[in-house]
Every structure is written in C-alpha cells, then in structure tokens.
Amino acid sequence: MVKAGPLRSCQGVGKGGVCVAQAAEPEARTVSKATAEPRWWVEPVATVVAFSLFVLYSAWDVLFHNTGQYHNYISPYFSPNVGAWLGVHAVPAVLVAWVPLFFRASCYYYRREYYRAFFWDPPACAIAERPRRYRGETRVPLVWNNLHRFFLYLAIIVVIFLWKDAVEAFIFPNGFGVGLGSLILLVNAILLTLYTFSCHAFRHLVGGGLDCFSCRGRPTARYRLWRRVSEWNRHHGLWAWVSMFWVWGTGVYVRLLIMGVIHDVRFF
Amino acid sequence: MAETVTLWVYRGDQHGGEEKPYEVPLMPGMVVLDAVHWIQAHLAPDLAVRWNCKAAHCGSCSAEVNGRPRLLCKTRLDEFVKEGVPVHVRPMKTFPIIKDLVTDVSWNYRVMRQIPPFQPREPAPFTLYQRDVDRVQEFRRCIECFLCQDVCHVLREHHEQEHYFGPRFMARLAELEMHPMDAGDRVGFIRETAGVGWCNITHCCAEVCPEAIEITNNAIIPLKERVADRYWDPIRGLFRRFQKTAP
C-alpha cells in the first residue's frame, strides 16, 4: 500500500486572501517511486552533460587562443573581431562571446532547459522538488532575463557578421571555391539565423505585441511577418540545440585546421 | 479467461488515505475512467470520481495516472498494459482532496473572478476578422480541466497560490489582453497581481494540456514580453512618451 498523509484545504485567493495554497503534508507531496515517471532524469542529465561540455570547450577556445582564423575561415567564437576594431589587446573572443552567451542564457527555450536540468525547478513535469525557497523570475539575477530583447538586438549584429564570414569562406586566394569549411560556415550562419529570428522576443517585436492586425482595414506586413516568425518559433528549441552543436563543431573544425591536425577538403 | 489489469486507486479524504489495488477485466479500447467505473459498479460503490462527458470535453475527470496529470477519459489502459507497468490513479496533487479522486478546485473559480473582464472598445455588435481572433480562439479551447494548474510546480511544489494565478489564468489573461476589441489594460495586473514573473517557463503546462493549447509559447511568454515592454524597455518607454505627447 502507498500511504499518503492528510491534505489541508485553504480559503481565499491572491494577495490579501487567506492561505490559498493546496498545502499537502510532506508524505502526500512525495510521489512514490512506483508512480513517478521512470525515465524523467534522462532529459536533465543529457542537458547538463551537453551544456557543460559546450561551455568547457567554448571557454578553452575563447580564453586560451588569440586567433580563430585559418586563411579565409574564421571560427564563430572569434567573429566579429571587435578587438582589432578597438585596438584592444585583450583575448579577442572575450569581447564578443558574451553576446551569444547572454542571448542564449536569457533565451526562453534555454531557460526551460536550465531551470529543469541545473536548478531542478522542476527536474521534470510533476516530479517532486526538494523543498526550498522559490521566487521564480521576480528577483535578481533571474529577473534580468527580461532584458532578453537587448541581447537579441546585439545577436542580430553578430549574425550579420557571421554571414559576412560565410561569404568570405567561399573566396580563396585564387578566387571562388568551395571547401568543407565553406559549407560548415554557411550552415552555421543559416542555423544561427534560424535560431535568432525564431526567438520569442523577435516574434513579439515584429507583431506579437499588437492586439489587432487588421484594424486599419487589411492585414499588414507585420501580420504576415508575425505569422512567418510564429512558424519558425515552433521549432525554436530545435534550432537552439542544432545551432549550438553546429557552432561547437565549426569552432572545433577551424581550431583543428589552425593546429594542423587536419587539412581542409576542397571540392573545387 | 479475460485479461485483467490491476489499478491502484487512491482511497481517502482530507484526513489521509492510501492506494488500494483493484483487479479489472481489460476490454478493447478501455480508458482509465472505464476501469474506475467498473470498480464503482462491481467492487467499491463508494469510490468517488468526478466525471461528466467521457469525451475529453468537460474537463471533469482530471487526475494523475502514474504520476502524470491526465484526463481519465482520455488515457487508454492498453498503453500501460503494453509496457507491463502497474497503473496508479491518484487525485490531483495541487488541490485539496475531497474524497478519493475528487479534489476541490474552487480556488480556480475565485481566481477567475479577480480577472478584469472584457472591456469592449465600442458597443457590440462589431466586426472581427478571423486573422485577428485566431490567437484568442486558441485559448478559448480551454476546457478548464486544471491539469495545467496541477502540473505547474509554482502551485504544486511551492504552493505560491498567493503570488501566482497559474497557467490556466495566464491563458485567460492573454485571451483578454490580445483581444482586438478589448480596451482594458491589464499589464500591471499581470505583473503585480497575477504574478507572471513567478513562472519560470518550464513548459509543463503545455505538455499536459489535453487541448494542446500552447500555453507557454502563446500565452505566458507573450505576456512576459508585454510586461518587459512596459517595465524593462526604456526605448519603448520613450516611444510611448512621444506618442502620448504627439498632437
């Protein structure tokens, strides 16, 4: 038999009301092992492993290298080269890597992932949490996630430079050509474009903030754009994962070229 | 001899209880609510369960099957039989229990009464275009089963009913706030009273919604963005100020 303690009922609602919580006794709050989702831990564990490895590799690449350029290929970690513009002699990638870092950290999809995987708040749906104080996104620092749109604006600038890098990856000293690196950088720019422009904040910006799309007589361009971005937004999580792994792979590819471990494959 | 399945059904009230096993003959297409009805008819006539339409339209038979909030009438038994796992049926954890599988969900109705109602810009009838009400109509599909409220960890685990209205009412607020003919301004209310900031967008509400309403992506996040417009975006604030002062 699975025992459960008594459950208290409460009266009132919202602020100014009496206790409204469905305050169950601890025994009742804990879902028994027999009833819990048996494989709920797979997703948070996989997320922790993937994010941790990505962050560790990125930190190593960004902090311990002065360049991410191999001929006409430039690693996404090192683009744009803000250090050269400013004449700053700092580790170059650090000057730009914070933009995608904060953009992803405040992304609505990544928030779902790290709240589940790292904060265990909750680790999975309907899985019991360890009792502790919870304030949601109402206090510093998590309330700063509301600044997501500003990181979006900066990320759009970065994406423009990644497209410039992708185009330049097809321009070799002897003219136009296609190497494996060219294709990798092109796909990188495409995936990051999809991730950036499927963002919830962008969706809001282009039309989600409006209450009426056709109150001026006919559907506006903003309505059509909002519809398109809404379609992309359905797959925002997919773009988030794929673009992250692709950035990682692109960085590794360019780094291995620089280190001379591998040679680029030229198709023509 | 007919194949049987064992259901562990929670029996108890506000003073406590336990799961009890019931052997039920398995029939093709059987859902958990059928099995509960069979138990009522043959083994435990005092077993309490709330139900009405048995067609996933009324939202009455919400409970938890193997730890997951679900409609009993939409949960087929064969999926558990196929996996060979025992079937545990419990009341929704977020709400006070009345008896067995029946919980007191009246808190939700009290929350609903707090929400500022629709305020039409002009007296009805008025013309609405489909493209303008598509967003709102998604939220109108809600059958008020309160499974989203049950799974929401802010209410379920942290008992923050005093601070957060829960996903069902974020959908309701989005429905009103995005309505093309509504003149009300609820952004301050959404932030302060409804407590949208308490949601950390873990998407569980959308995962359990039997009507497949994208509560997080289409209601909560857009509301968070509207709050960010008002309280976190000085550039937009400047635009608003210019618009107000423009002749």
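Reader: What makes a residue pair count as a polar contact here, and how many pairs are there between domain 1 of chain B and domain 2 of chain B?

Author: There are 6 residue pairs in polar contact between domain 1 of chain B and domain 2 of chain B, both residues at pLDDT 80 or more. A polar contact is a pair of N or O atoms within 3.5 Å; within protein, one must be able to donate a hydrogen and the other to accept it, and residues adjacent in sequence count only if both atoms are side-chain atoms. This is a predicted model, where local features need pLDDT of at least 70 and side-chain atom pairs count only at pLDDT 80 or more, while totals for chains, interfaces and linings use all residues. Residues are numbered from 1 along each chain as its sequence is written, chains are lettered from A and ligands numbered from 1 in the order in which they are written, and side-chain values use heavy atoms, leaving out hydrogens and water.

Reader: Why is the meeting of B:Arg156 and B:Glu64 called a salt bridge?

Author: The term needs a side-chain nitrogen of Lys or Arg within 4 Å of a carboxyl oxygen of Asp or Glu. The side chains of B:Arg156 and B:Glu64 meet at 2.8 Å, N to O, so the pair qualifies. Between the two domains of chain B, the count is 2 salt bridges.

Reader: How do you know where domain 1 and domain 2 of chain B lie?

Author: The bounds come from an automatic or database domain assignment, which gives 4-103 for domain 1 and 106-234 for domain 2 of chain B. Their centres, taken over C-alpha atoms, are 29 Å apart.
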